[in-house]
Amino acid sequence: MPDWLFAYGSLIWRPDFAYLERRRAVLADHVRQFWQGSHDHRGTPQAPGRVVTLVGEPGRRCAGMAYRLDPATREAVLDALDHREKNGYERRSVSLIDDSGELIEALVYLAPPGNFAWLGEADLAQLAAQVAASHGPSGANADYLRELVVALERLGADDDAHLIELDRQVQRIVRRRIEAGGT
Ligand code: SIN
């Protein structure tokens, strides 16, 4: 089993686990999409939020962070992550390329189409409305998106126009709500 773990969502900015080393890396032929429902972190069972999963798309690249786990704590880390990512994610093995061109075999938490929390594709306005409206035990769904955008900027991977436009629309909805006296 690989010692590396690939992060493309919240695990980039809030890994919350011990690791020996981390490197920027990309996963080929995949794209990050807000197609997975969040009933436990950024939404509720009654009003799920939306979080990212990986969707296969030939020719696209998903940038993220690869973490090398310590063999001594690896099982405990993965047990904790299985719990954190329990809302429809599965562990899969993938091949990454790091900045120096080295191939890295890694695990990834991926929520496949049709899982119990799958929400699937929606147009940008629908995605923005749902993300702007959703809150869960881990906080506002809008903050998850904002933190993802900031984390990708820090990685030098801020070239996802769809994600940036989604963030812009969500921020606009949130601003209007605050101006109208909401929270
Ligand atoms: C990940 O970050 O790699 C998985 C998706 C998430 O927890 O946001």
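**View 1. Secondary-structure elements around the ligand.** In this predicted model, the elements that each supply at least two residues of the shell around the ligand are β1 (4–7) and α1 (10–13). Helices (H or I, at least four residues) and strands (E, at least two) are DSSP runs, numbered from the N terminus. The shell comprises F6, A7, Y8, G9, S10, L11, E85, Y89 and Y144; a residue is near a molecule if one of its heavy atoms lies within 4 Å of it. By class, six of the shell residues are nonpolar, two are polar and one is charged. Here Ala, Val, Leu, Ile, Met, Phe, Trp, Tyr, Cys and Pro count as nonpolar, Asp, Glu, Lys and Arg as charged, and the others, Gly among them, as polar. Residues are numbered from 1 along each chain as its sequence is written. Local features need pLDDT of at least 70 and side-chain atom pairs count only at pLDDT 80 or more, whereas totals for chains, interfaces and linings use all residues, and side-chain values use heavy atoms, with hydrogens and water left out.

View 2. The side chain of Y144 places an N or O atom 2.6 Å from an oxygen atom of the ligand. A polar backbone atom of G9 is 2.8 Å from an oxygen atom of the ligand, and for Y8 a backbone N or O atom lies 3.0 Å from a ligand oxygen atom. The protein buries 97% of the 250 Å² that the ligand exposes when taken alone, with accessible areas taken from the Shrake-Rupley method with a 1.4 Å probe.

**View 3. The largest cavity.** The ligand sits in the largest cavity, meaning that more than half of its atoms lie within 2 Å of the cavity's grid points. On a 1 Å grid over the protein atoms alone, a cavity is a set of points where a 1.4 Å probe fits but cannot get out, and a pocket is an open set with protein on both sides within 12 Å along at least five of seven lines; lining residues have an atom within 4 Å of a point. The largest cavity holds about 270 Å³ of space; grid points are joined across faces, edges and corners, and a volume is the space filled by probe spheres set on the points. Its lining has 23 residues, of which S10, V51, E85, Y89 and Y144 lie nearest the centre. Two or more lining residues come from each of β1, α1, β2 (21–38) and β3 (49–68), and α1 gives the most, with three.

**View 4. The second largest cavity.** This cavity has a volume of about 40 Å³.

**View 5. The largest pocket.** The largest pocket has a volume of about 340 Å³. Of its 19 lining residues, V26, R61, A63, A157 and D159 lie nearest the centre.

Definitions and conventions:
Polar contact = N/O pair within 3.5 Å; in protein donor to acceptor, adjacent residues only side chain to side chain.
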